[in-house]
Amino acid sequence: MCPARLHDLREDSRRWCGLFEERPGRHSFDVSDPLRELLHERIRREARRRAAEEGSDPDDEDRDTP
């Protein structure tokens, strides 16, 4: 496997390249998938719409209420 990794300091996450080390071309995290990005945006929009209907913030769902 390729030893390259991408470290996102803002989100404190790491992604390893999922391709073979001796391949030609870019790392797997450099390749974008337009369909995946479109689906993720659609899911985020739907979550915001449902939260607005219910009067809650979708980002607050994982937080504990005192």
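Analyst: By salt bridge I mean a side-chain nitrogen of Lys or Arg within 4 Å of a carboxyl oxygen of Asp or Glu. This is a predicted model, where local features need pLDDT of at least 70 and side-chain atom pairs count only at pLDDT 80 or more, while totals for chains, interfaces and linings use all residues. Residues are numbered from 1 along each chain as its sequence is written, and side-chain values use heavy atoms, with hydrogens and water left out.
User: How many salt bridges in the whole structure?
Analyst: Four. One of them pairs Glu-46 with Arg-49, closest N and O atoms 2.5 Å apart.
User: How far apart are Glu-46 and Arg-49 in helix α1?
Analyst: Three residues, so about one helical turn separates them. Helices here are DSSP runs (H or I, at least four residues), numbered from the N terminus.
User: Which salt bridge does Arg-50 make?
Analyst: Arg-50 meets Glu-46, at 2.9 Å from N to O. Those two sit four residues apart in helix α1.
User: And what does Glu-53 pair with?
Analyst: Arg-49, at 2.4 Å between the closest N and O atoms. Shared partners join Glu-46, Arg-49, Arg-50 and Glu-53 into one network.
User: Is Glu-53 buried or exposed?
Analyst: Exposed, at 59% relative accessibility. Glu-46 is partly exposed at 29%, and so is Arg-49 at 39%. The cut-offs are under 20% relative accessible area for buried, over 50% for exposed and partly exposed in between (1.4 Å probe, protein chains only).
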